[in-house]
Amino acid sequence: METKRIVVYLNQFFGQIGGEEEANTPPQSFDKPVGPGMGLQQLLPKNCTIVGTIVCGDGYFNENLEEASATVQKMLDNFKPHVVVAGPAFNAGRYGMACGTVGKIAHEMGIPAVSGMYPENPGVESYRQYLYIVETGNSAASMRTALPSMAKLAGKLANHESIGTPAEEGYLSRGIRRNIFVEKRGSERAIEMLLKKLNNEGFDTEYPIPHFDRVEPAQALTDLSKVTVALVTSGGIVPKGNPDRIEASSASHYGKYSIKDLTSLSSDSFETAHGGYDPVYANQAPDRVVPVDALRALEKEGKIGQLFPYYYSTVGNGTSVANAKSFAAEIAQELVSEGVQAVILTST
Amino acid sequence: MHLKVGNIFIKDLQFGPQTEVKNQTLFVNKDELTKLLLADEHLASVELEIAHPGESVRIMPVKDVIEPRVKPEQEGGIFPGMASKMFTAGSGLTHVLKGVSVVTTGKIVGYQEGIIDMSGPGAELCPFSKLHNLVVVAQPVTGITPYQHEAALRLMGLKAANYLGEAARKITPDETISYELLPLHAYHENYPDLPKVAYVYMLQSQGLLHDTYFYGVDVKNMVPTLMHPTEVMDGAIVSGNCVSACDKNTTYHHLNNPVVHDLLARHGKDLCFVGCVVTNENVTLLDKQRSSDLTAKLVEFLGVDGVIITEEGFGNPDTDLMMNCTKIEGKGIKTVLITDEYAGQDGTSQSLADGSPLANAIVSGGNANALITLPAMEKVIGNVDPVEVIAGGFKGSRSTDDSITVELQAIIGATNELGFNKLTAREY
């Protein structure tokens with residue numbers, strides 16, 4: 001079996017430099033296991049060797065995030081590990097954030113990483129998607145139970161073995177939905193789940209509904225006569241030919257298009273790129289989705305100050321909430337900096 | 001009342017001088033069927049092809065997939081009120097040609113999407129890759145509206161399936177399954193100790209290429225209604241939608257609805273399956289409120305303890321799903337929902353567009369945004385050129401070796417929300 005290189009990240013305390021008084025220690029590297037690394041080495045598969053340890057003070061890491069990250073990345077570059085093990089950090093918040101960041105750095109370098117934390121450690125919520133975080137108790141007293149799970153996961157990752165579910169492997173859910181095949185078809189699973197629910201037996205939903213953001217509508221504006229109004233749509237209206245190639249579904253980006261000097265959106269120049277609704281009416285008169293004609297009329301009547309000379313468009317169809325959120329943040333920032341005070345959002 | 005379903009297992013599909021079933025092979029008279037389908041003035045050309053499981057063949061775009069069936073005790077075909085005269089579906093005798101289907105393709109309205117690969121990794125995700133498919137490639141005449149175009153293709157598929165179904169009329173089935181249908185009160189009287197269960201059957205009704213038909217009625221103009229489970233087996237429900245293909249129900253799915261089949265299989269054993277409430281997924285809030293109110297009312301009227309609710313599509317219909325769930329749970333009736341997920345290509349985004357704490361029992365058909373690379377096929381029936389603009393495709397979907405990388409969305413039936421498949425998603 002090929003020898004696999006493991007690198008361990010520890011804070012100043014577990015790295016045996018000192019307590020809180022040494023929390024400002026910048027990253028240092030050692031070419032051998034240190035502290036909990038010694039125990040970890042005993043638990044790893046035979047072909048896995050801890051070739052290095054990176055130690056950094058929790059205070060330094062969190063207060064000098066960019067420098068600390070750059071240094072850790074350089075050290076990882078030198079060690080060329082197959083897997084990084086960070087912590088365990090238990091319920092230590094700053095240590096957890098540092099371990100999570102190290103996991104993210106490794107992830108971006110294409111190196112899998114494992115840590116161990118108490119579920120309430122802030123590092124879990126912030127970084128769980130970048131690394132495997134084994135569930136631990138809230139203090140170092142649980143080191144003995146944390147290390148075997150971490151070693152097992154690190155060994156599997158090093159040897160490219162498949163990783164089971166959080167429940168099977170003992171890590172905290174990473175929030176990543178992954179497709180798998182199961183033994184029974186969906187209809188059968190639904191009936192079994194319903195019977196359990198009817199019999200008041202325990203059952204496991206296949207998709208736990210997350211907490212949904214509910215946005216309270218802002219106070220209505222009373223006088224629009226001096227206000228610049230912008231149009232933003234998820235209805236996919238784009239210049240004909242879809243120059244930015246906005247996807248019919250699962251949009252990865254949005255477009256910004258000029259409507260300066262236009263009194264309406266003509267069907268000769270605009271169309272919809274959206275694949276999720278009957279496009280006939282939108283293509284006949286794109287104003288039905290992005291009402292430039294109505295806004296121009298209001299502008300003429302003096303009901304609104306002016307129409308912002310660009311509209312923003314994306315496709316809502318199948319677009320992930322994460323993508324939609326990032327588009328919205330960028331668009332909103334741009335609109336605010338351009339002095340737009342009201343936006344009409346049209347959906348389809 | 002009974003429905004007897006006689007299954008005839010077909011092992012091969014070939015063209016022949018006469019349309020008939022011989023030695024478990026379905027032979028099709030190509031000229032006769034072509035002529036029959038070309039009689040529609042909206043169609044300029046019709047060509048027939050055959051695609052077998054395991055072949056290096058890609059079919060794209062797919063409009064519909066239909067299983068051939070016939071009612072030997074009566075004249076004419078199935079799909080009452082749409083492709084045959086009106087009759088009440090779901091009783092008497094039905095013969096089914098198992099293992100074959102009609103797949104309709106050609107230029108379809110709007111986006112040209114929906115893929116069936118007959119071999120390779122795509123075939124593992126698509127139920128139709130395992131069938132012997134008679135592929136009907138049709139081109140419309142010019143100058144017709146998109147609505148006429150869609151209707152012509154839809155009816156063409158049903159007509160072709162009814163034509164093939166005729167070959168099953170006089171064949172002795174390999175197996176016969178009998179279903180008993182009772183008046184409502186008898187379900188309660190005959191099975192006092194079993195939990196009473198109903199099925200809430202949500203149908204796409206969002207407009208062109210997102211429509212479904214119940215006895216020929218466009219369901220966006222329908223209020224929720226009651227249905228015997230066996231009615232689907234004679235084509236009471238017909239698909240008019242195929243875009244974002246992974247979670248759209250083809251007519252084949254409706255004929256073989258797995259929730260209906262699996263509930264009937266357990267009926268009288270550990271549950272009592274009382275019936276179905278058919279409802280729609282319209283686009284306006286008023287329509288959603290009306291349909292979910294009336295659906296919950298009908299479920300309560302059936303006097304059941306629990307329901308399974310299946311969604312069709314995603315995003316906008318997630319709202320209908322949650323409204324149905326919360327209103328039915330609000331009446332003290334337990335729900336399990338079947339849906340699929342749009343968790344982003346990396347699986348880290350929120351999967352549904354709407355949610356409720358009452359939706360605590362969900363079965364997932366998988367993450368439709370997950371990517372798959374489908375190798376080039378030796379033969380393409382239809383046209384793969386539009387792959388970069390279909391739902392699930394993107395700029396760069398097609399590589400130089402003609403393999404295509406798409407989201408599962410592009411594969412018809414891949415994340416079906418009737419629970420047809422074994423694919424699901426879990427949190428890792």
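Why does Pro286(A) count as buried? Here are some points on this predicted model, starting with that residue.

1. Pro286(A) counts as buried because it has 27 C-beta neighbours inside 10 Å, and 20 or more are needed for that label. You will find Pro286(A) in the loop between helix 9 (280–284) and helix 10 (292–301) of chain A. Leaving out residues up to four places away in sequence, Pro286(A) touches Ile237(A), Leu265(A), Ser267(A), Phe270(A) and Glu271(A). Take Ile237(A) as one of these: 49 residues separate Ile237(A) from Pro286(A) in sequence, yet their C-alpha atoms are 6.7 Å apart in space.

2. A word on the layout of chain A. Chain A is divided into domain 1, covering 4–169, and domain 2, covering 228–346. Between the C-alpha centres of these two domains of chain A there are 46 Å.

3. Next, the contact between the chains. Chain A puts 53 residues into the contact and chain B puts in 68 residues. On the chain A side, strand 7 (177–181), helix 8 (186–198) and helix 11 (321–337) each supply at least two residues. Helix 8 of chain A has the largest share of that side, with 11 residues. By class, the side of chain A that touches chain B has 22 nonpolar, 18 polar and 13 charged residues.

4. Strand pairing also links the two chains. Strand 7 of chain A runs antiparallel to strand 26 (residues 423–427) of chain B, and five bridges join them.

5. Chain B has an open sheet of six strands, in the order 17-19-14-20-21-22, with mixed pairing. Its edge strands are strand 17 (225–227) and strand 22 (362–367) of chain B, each of which pairs on one side only. On average, and with direction ignored, neighbouring strands of this sheet are turned by 20° against each other. Helix 8 of chain A packs on the sheet, where it touches strand 14, strand 20, strand 21 and strand 22 of chain B. The direction of helix 8 of chain A makes about 150° with that of strand 21 of chain B.

6. Two pairings within this sheet are worth a look. Strand 17 of chain B runs antiparallel to strand 19 of chain B, with three bridges joining them, and Met227(B) stands opposite Cys276(B) in strand 19 of chain B. Strand 20 of chain B pairs with strand 21 of chain B in the parallel sense over five bridges; here Gly306(B) has Lys334(B) in strand 21 of chain B as its bridge partner.

7. How many residues of strand 21 (residues 334–341) of chain B are buried? Eight of its eight residues are, and the burial takes in both faces. Lys334(B), Val336(B), Ile338(B) and Asp340(B) are on one side, with Thr335(B), Leu337(B), Thr339(B) and Glu341(B) on the other.

8. Helix 7 (residues 316–329) of chain B packs with helix 6 (residues 285–302) of chain B at an angle of about 40°, their axes 9 Å apart. The crossing of helix 6 of chain B past helix 7 of chain B is right-handed. Residues of helix 6 of chain B in this contact include Lys288(B), Asp293(B) and Val299(B), while those of helix 7 of chain B include Asp320(B), Met323(B) and Lys327(B). The contact between these helices of chain B has four nonpolar, five polar and four charged residues. Helix 7 of chain B also lies across strand 14, strand 19, strand 20 and strand 21 of chain B, at about 170° to strand 21 of chain B.

9. Helix 5 (residues 258–266) of chain B brings both chains together in one view. Pro258(B), Val259(B), Val260(B), His261(B), Asp262(B) and Leu263(B) in helix 5 of chain B are buried. The buried residues of helix 5 of chain B pack against helix 8 of chain A, and also against strand 14 (196–204), strand 19 (272–281) and strand 20 (306–310) of chain B.

10. Strand 6 (residues 57–60) and strand 24 of chain B pair in the parallel sense over four bridges, and Val57(B) stands opposite Lys379(B) in strand 24 of chain B.

Key
Residues are numbered from 1 along each chain as its sequence is written. Chains are lettered from A and ligands numbered from 1 in the order in which they are written. This is a predicted model: local features need pLDDT of at least 70, side-chain atom pairs count only at pLDDT 80 or more; totals for chains, interfaces and linings use all residues. Two residues are in contact if their C-beta atoms, placed from the backbone, lie within 7 Å. Ala, Val, Leu, Ile, Met, Phe, Trp, Tyr, Cys and Pro count as nonpolar, Asp, Glu, Lys and Arg as charged, and the others, Gly among them, as polar. Two strands pair if DSSP finds at least two bridges between them. Axes are lines fitted to C-alpha atoms, for helices over the stretch in contact, and angles run from 0 to 180 degrees between N-to-C directions. A crossing is left-handed if the near helix is turned anticlockwise from the far one by less than a right angle, and right-handed if clockwise. A residue is buried if 20 or more other C-beta atoms lie within 10 Å of its own, exposed if 12 or fewer, and partly exposed in between; C-beta atoms are placed from the backbone. Domain bounds come from an automatic or database domain assignment.
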